[in-house]
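Student: Please show me the structure, and then take me through it by question and answer.

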Amino acid sequence: MDLLDNLALGFSEALAWHNVLFCLLGVVLGTAVGALPGIGPTASIALLLPLTFGFDDPVSAIIMLAGIYYGAQYGGSTTAILLNIPGESSSAVTAIDGHPMARQGRAGVALAAAALGSFFAGCVGTLVLAAAAAPLARAALTFGSADMFSIVVLGLVASIALASGSTLKALAMIVLGILLGMIGQDTFTAVPRFTFGLRELWDGLSFVSVAVAIFGIAEILRNLHDPRTRTRVAAEVTTLWPTRADRRRMIGPVLRATGLGSVLGVLPGGGHVLAAYGSYAVEKRVSRHPEEFGHGAIEGVAGPEAANNAAAQTSFVPLLALGLPAHPVMALLLGALIIQGIQPGPGVMQAQPELVWGLIASMWIGNVLLVVLNLPLIRVWVRLLDVPYSILFPAIIAFACIGTYAIDQNPFHVLVMAVLGVGGFVLVRCGCEPAPLLLGFVLGPLLEEHLRRALILSKGDPSVFLTRPVSAVLLGLAALALVVTVLPVIRRKRDRVFTEEG
Amino acid sequence: MRPRSTGDVVAGLIFLALGVAFAVGSLGYELGELLDMGPGYLPLVLGLALAALGLACVVKAYVAPDPVPDAGPAGPGGQGAPSVVVPGDGAPAGARDAVPSDDAPDPRPLAGLEWRPVLAIAAAIVFFALTIDGLGLILATFGAVLLSSLARGGVPWLRVVITSVALTALCWVVFVLALQLRLSLFGDWLGG
C-alpha cells in the first residue's frame, strides 16, 4: 500500500540518528522557551527559527522546527496550568480548569493529563495527516493559477473569520502585510519596488525580521507595558500519575476531542483555537457533572489539549499539500522552508518525498519524545517559570538581534526589526492582531504571482476566477466566511468565544 | 464628538497614511493593465484599499452603531472567560457584555503609554545593528543587553551589569560554540 511505503520512507528518514537528535533538541528547546511566561508558541518559534539556518539538510531543519512547535505548545500549557498565563489563545482554555487543578494541588495530574491527551491526539492526527496530504496534493497538482489565487484568498479571509477582534482592522492588517511583502524586486519585471534606493531592500524585507519583530519584540514591549500579576502556584508538583477515576474521566473527552481537532485543524485560519474551545464546550455539555467545569475538571484539561494537538498535526495538511499556512506558526515553518530553498506546494510531495514523509514520521517521534521527556522533567520546566522577567527580556532581545543578523550577516535586517517591532507594538496597542499581517506578508507574493499569471493566461478576463469550478467554489467559501464574520449575531458570539488574551 | 475608541482612530490613521504612501509610491512604477499588470498595478489597488479600510476604521470609531466591543485582545482579563462556551464562568464575561467598560480593551491605548521601555528596546536593537560589524558580537551583544535592561527602572546597576555579562556569555555559548555560526567576536573597528 502506498501509505505504508510512504510511512516507511518517512521513518527511515526521521529515525536517522541525527534527525532524532534534532527532534529531541527541538522539543527540549521548544518546551523550555514555551514555558517561559509570556512567550507563546508563535514567539518561541520566531525566536528559535535562526537556530536552524546553518543546517545543510532541510529535512533536519524542518524536523527540529516541528519539534520546537510541539514543545512550545506543551510549554505554553505548563504556564497556563501553573501560572494562569496562557501563551496563546488555544491554551487559554487549558487554564480555565488546569489552573484550578493546580491550586488544588493537582498540578502534576493536570500536566500529565495534558501530556497524555496530547500524545494520543498527536498520534491520531499524524495518521490523518499521512492519509490526507497525498491525495490532496495530487488533486492540487491539477489546479491552475486562478485556483491557487482563490485558495490563498480563502486562507487569508478564513484567518480573519477564525481570529479575534475587529474584522475591519484584521482586513487592514492583511492588506498591510501583502503590501510589505511587495517590497523588493517584482517577480515578473524585476523592477525594484518601494526600495528607497536601498540595495538591501531588493530582496524584500526579511521574513525573519518581520516575524521576530511583530511576535517577539512587540510582545516584549506589550509585556513590559502591562506587567501581569503572576499568581505563582506555591504547591509543588508532586503526584503526576492520574488516578484510576481520573483516567476513566479522560478517555471520552480525549477521543471526542481528537476527532474534533483533526477535522478543524485542516481549516485555514486557526482551527486549533476553535478546536480547543469547541472541545471544552462539548465536554461541558455531555459531562455528568458540568458544575465542576471551571473549578478543576480534568475533562476540561484533557479534552482541549487533545483537540489542540490533533489540530496542530492536521494543520500541516494544507501546508504540505498546498503550500498554504493555516496559521502564523505554519507561516513561520513555510518561511523556514523557503529560506532552506524549498517552496512548499503540491509539487514538494513528489519532488522531495523524504522531506514530507520524514516530517510526518518525525511528528510521531516528537510526540513520543514529549511524553517521555516531559513527564519526568516537569519539575525542571516548573523551575523555568521562576526566571525573572528582568533577565528574560534582555536575553530575548539579544537572541532576536543575533538571530536576525545571522540570516546573512546583514545588520540592515536588525534595523528593520526595530522599526517593525515598535510599529507592531503601536498597532497591537490599538487592538490590531499581528497574525493576519504575517499571513499577508507570507502569502502576498504567492497571491500576486497567481493573480497576474491567471489574468495573463485568461487574456485579461477576470471572469476566469468564477468560471473555473474549483476557483469559484473557493471564492464562494471566502465570501461566505466574510459575511458570516460581519453578521452581528455571529460576531457577538465570536467575540465572546475569542475573549482571548492575544 | 469623542470617538468611541481612540485605538480605532489611531490604527485607522496609521492604515490611512501607509495606504496613501504605498499608493503614491506605486505611481512611480509602470501600472500596466488587467491583461498584463505592471509592477505598480497591485500596490496601487492595495494601497487604496488600505487607505479606505483605515478611513472606515476612523469613521466607525465615531459612529459605530453596534455595542460590540470590537477592539481585539481583552485587557488584563487573564485567561479570559468565553461566556458562550462557559456560561456562568464569572465576572469578566459579564463585564464584557456591557458597552466598553474598564474591562473592555483600553479605549485610549496611547494615553498611558510609557515611552521608556519602547525607547530602551528600540535603542538596544539599533545599537546592535550599528555596532555588530564594527565592534563584533561580544560588545554589540553586551551593549544591547545593557540598553534593553534600562527598559525597567529600579534595577540596581550592579545587577544590570552582571546580567549583561552573563547573557553575553550565554549568547556566545549558544551561537558560536554550539551552533558554530561564523560571527566575528571582535569587529572591524577593533581589528578583529
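Tutor: A residue is buried if 20 or more other C-beta atoms lie within 10 Å of its own, exposed if 12 or fewer, and partly exposed in between, with C-beta atoms placed from the backbone. This is a predicted model, in which local features need pLDDT of at least 70 and side-chain atom pairs count only at pLDDT 80 or more, while totals for chains, interfaces and linings use all residues. Residues are numbered from 1 along each chain as its sequence is written, and chains are lettered from A and ligands numbered from 1 in the order in which they are written.

Student: Is A:Pro325 buried or exposed?

Tutor: A:Pro325 lies in the loop between helix H13 (316-322) and H14 of chain A; helices (H or I, at least four residues) and strands (E, at least two) are DSSP runs, numbered from the N terminus. Around A:Pro325 there are 25 other C-beta atoms within 10 Å, so the residue is buried.

Student: Which residues is A:Pro325 in contact with, leaving aside its neighbours within four places in sequence?

Tutor: Two residues are in contact if their C-beta atoms, placed from the backbone, lie within 7 Å. A:Val442 is 117 residues away along the chain, yet its C-alpha atom is separated from that of A:Pro325 by 8.7 Å. With neighbours within four places left aside, the contacts of A:Pro325 are A:Leu319, A:Met330, A:Ala331, A:Leu334, A:Leu439 and A:Val442.

Student: How many residues of helix H3 (residues 41-48) of chain A are buried?

Tutor: The buried residues of H3(A) are A:Pro41, A:Thr42, A:Ala43, A:Ser44, A:Ile45, A:Ala46, A:Leu47 and A:Leu48. Their cover includes helix H2 (17-35), H4, helix H9 (207-225), helix H14 (328-339) and helix H17 (389-406) of chain A. H3(A) is largely enclosed by the rest of the structure, because the number buried is eight of the eight.

Student: At what angle do the axes of H4 (residues 58-83) and H16 (residues 353-384) of chain A cross?

Tutor: Two packed helices are described by the angle between their axes and the distance between the axes. Axes are lines fitted to C-alpha atoms, for helices over the stretch in contact, and angles run from 0 to 180 degrees between N-to-C directions. The axes of H4(A) and H16(A) come within 8 Å, and they cross at roughly 35 degrees.

Student: How do the residues of the contact of H4(A) with H16(A) divide?

Tutor: Among the residues that meet are A:Gly67 and A:Tyr70 in H4(A), and A:Ser362 and A:Met363 in H16(A). Ala, Val, Leu, Ile, Met, Phe, Trp, Tyr, Cys and Pro count as nonpolar, Asp, Glu, Lys and Arg as charged, and the others, Gly among them, as polar. The contact of H4(A) with H16(A) has 14 nonpolar, nine polar and one charged.

Student: Is A:Lys459 buried or exposed?

Tutor: A:Lys459 lies in the loop between helix H19 (434-457) and helix H20 (464-467) of chain A. Its phi is near 60 degrees, a positive value in a residue other than glycine. A:Lys459 has 10 C-beta neighbours inside 10 Å, so it counts as exposed.

Student: How many helices does chain B have?

Tutor: Along the sequence, chain B follows the pattern α-α-α-α-α-α. Chain B has zero strands, and its helices number six.

Student: Which residues does B:Cys57 touch, not counting residues up to four places away in sequence?

Tutor: B:Cys57 is in helix H2 (residues 41-63) of chain B, and it is buried, because 29 other C-beta atoms lie within 10 Å. B:Val10 is 47 residues from B:Cys57 in sequence and 9.0 Å from it in space, C-alpha to C-alpha. Residues up to four places away aside, B:Cys57 touches A:Leu168, A:Lys169, A:Ala172, B:Asp8, B:Ala11, B:Gly12 and B:Phe15.

Student: Is B:Leu55 buried or partly exposed?

Tutor: B:Leu55 is also in helix H2 of chain B. Beyond four places in sequence, B:Leu55 touches B:Gly12 and B:Leu16. With 15 C-beta neighbours inside 10 Å, B:Leu55 counts as partly exposed.

Student: Where in chain B does pLDDT stay under 50?

Tutor: pLDDT is the predictor's confidence in each residue, from 0 to 100. Chain B averages a pLDDT of 76, and 73% of the residues score at least 70. Where pLDDT is low, the predicted coordinates should not be read in detail. In chain B, the stretch under 50 is residues 65-105.
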